Amino acid sequence: MDERTPSLLVHEGEEFRLEKLPLGSRVIYPPESLPGLGNVDEHIDRALANPIGRPPLGELLFSGMRLTIVFDDLSLPLPPMQTPDIRQRIIERVLELAAAKGVDDVELIAANALRRRMTPAELRRVVGDRVFQSFFPAGRLRNHDAEDRDNLVELGRTRQDETVEINRRAAESDLIVYVNLMLTAMSCGPKSVSVGLGSYRSLRHRHTVEALRHSRSFSDLPDSALDHPCHRMAALFAESVEVFQIETTVNNNTFPKPLDFLNKREWEWTLKDQASFLAARRANTLLPPAQRRQLWHRMTSPYGITSVTAGAPEEVHPITLGHVLRQQLTEVDGPSDVAIWGLPSFGPHNVNSIMNPVLVMSLGLGHFFNLHRGRPIVRPGGVAIFVNPVRNQFHPVHHPSYLDFFEEVLTETIDPVAIEAKFEERFATDPWYIHLYRNSNAYHGAHPLHLWYGGAHALEHVGEVIFVGGDRGVTRRMGFRAASTLADALEMARDRVGSSPSITYQHTPPLAVADVR
């Protein structure tokens with residue numbers, strides 16, 4: 001954390017710019033990037049041979065068994081990592097062990113839940129050429145389908161009467177090997193299978209307004225009511241199928257060499273870094289918006305792998321979470337009156353796609369607002385300022401239900417409780433949305449509603465939300481205000497929090513989790 005006031009880099013969609021904050025403003029920087037592991041393949045082998053709470057993977061494999069390998073989809077990491085992807089490296093090693101034990105019945109499933117299906121090219125990039133060519137043509141590498149009634153099975157109900165329904169292939173396997181990549185504190189863990197391979201009937205219990213309103217932080221698991229249904233479901237699921245979980249973490253080397261200055265604090269920039277920034281900004285500005293977006297989405301990150309841990313999900317996850325927090329946790333002395341975040345053009349739900357207004361809301365109020373433990377970085381009734389153009393644009397293939405949600409639902413109400421009561425069933429069961437989810441590359445019909453609920457706690461916590469550079473009509477429809485400049489936004493905030501507010505800027509990416517005391 002830094003309380004100097006240098007010129008600060010602020011992301012605004014596909015662009016970035018330097019801003020000067022008022023004297024005394026506080027900046028939350030991520031910790032220094034941790035070193036990556038020296039020989040990743042050796043660490044993979046060591047984890048598989050010496051798991052926690054499970055026998056070595058080789059001892060769990062046998063001829064004639066049904067093995068299902070499940071892996072995180074393209075929503076992680078962001079930006080995508082440079083190839084070979086860590087999931088590819090692990091899957092290849094698991095397949096080698098399976099082949100040595102004579103295991104022939106092997107299938108691979110992307111755990112995309114209600115997110116869109118990955119394209120063949122996207123699957124190939126994650127698992128690598130050899131795995132793709134061996135499994136995809138034979139139909140043994142595929143996306144999970146949360147609406148395929150013939151290939152879902154109900155395992156029972158939790159004590160709270162929550163339906164536990166997951167992918168049939170996984171449920172009927174002798175062993176599931178789950179390959180995780182944990183980018184944030186809110187991901188992975190025992191819930192991975194029940195979430196990634198769940199049906200809408202199961203996942204709706206996790207994404208209720210009630211649960212999300214009472215999640216004080218998605219990054220602080222004891223305070224995340226979002227996780228509680230998942231763990232109840234995972235416990236029931238564990239009674240039926242054995243899961244061998246492999247979790248990995250990465251460091252904060254988010255940007256490749258030409259953009260390496262983005263990994264540094266601005267006041268540490270050398271003359272070369274300053275020249276690189278000016279050149280990159282000018283080149284970025286000269287490109288049309290569509291080409292600029294494509295350029296950012298093609299960017300890949302030189303992450304270093306910081307841990308590989310395998311074994312029983314409930315025993316692996318606390319260790320993995322410790323590695324994530326070791327990289328991202330930053331101590332912060334209390335909340336401020338005003339908090340500022342710059343929102344980039346990429347998030348977990350618009351990979352190779354467009355950042356639409358609902359996704360901007362979710363990224364800001366659902367994800368970035370929740371990058372804290374303890375208390376939020378902004379006090380109750382304070383002002384949240386996000387920098388993003390918030391354009392009225394939607395990907396017609398990926399986000400058809402988002403467009404309808406924006407045009408039909410938000411023109412009637414922005415209240416998550418009212419939306420859930422009146423619209424969720426309609427969007428979740430609409431035959432056309434289901435068809436597009438199953439046969440095209442569209443997000444599930446209920447997905448935009450669930451993301452809108454994800455901002456429920458933030459909306460109750462803050463007194464006002466302002467978007468710098470946001471389209472005024474778009475932001476107004478979502479219940480927010482727009483400002484032309486950051487200075488204008490801070491002036492608007494003073495009307496609510498006083499003439500001399502305390503200000504905190506959370507500098508992301510790279511990611512930082514604020515430990516607010």
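**Ground rules.** I am working with a predicted model, where local features need pLDDT of at least 70, side-chain atom pairs count only at pLDDT 80 or more, and totals for chains, interfaces and linings use all residues. Residues are numbered from 1 along each chain as its sequence is written, and side-chain values use heavy atoms, with hydrogens and water left out.

**The sheet.** I looked up the strand order and found an open, mixed sheet of 6 strands, β6-β5-β4-β9-β10-β11. Strands here are DSSP runs of E, at least two residues long, numbered from the N terminus, and two of them pair if DSSP finds at least two bridges between them. β6 (141-143) and β11 (305-311) are at the edges with a single partner strand each, so one side of each has no neighbour in the sheet. Next I checked β4 (residues 66-72), which runs parallel to β9 (residues 175-182) and is joined to β9 by 5 bridges. Valine 70 stands opposite tyrosine 178 in β9.

**Aromatic pairs.** My search of the whole structure gave 14 pairs. I counted rings of Phe, Tyr and Trp (its six-membered ring) with centres within 6.5 Å, calling planes under 30 degrees apart stacked, over 60 edge-to-face and the rest tilted. Phenylalanine 261 and tryptophan 269 are edge-to-face, at 5.4 Å centre to centre and 85° between the planes. Tryptophan 341 and phenylalanine 386 are stacked, at 5.0 Å and 20°.

Note on methods
Helices (H or I, at least four residues) and strands (E, at least two) are DSSP runs, numbered from the N terminus.
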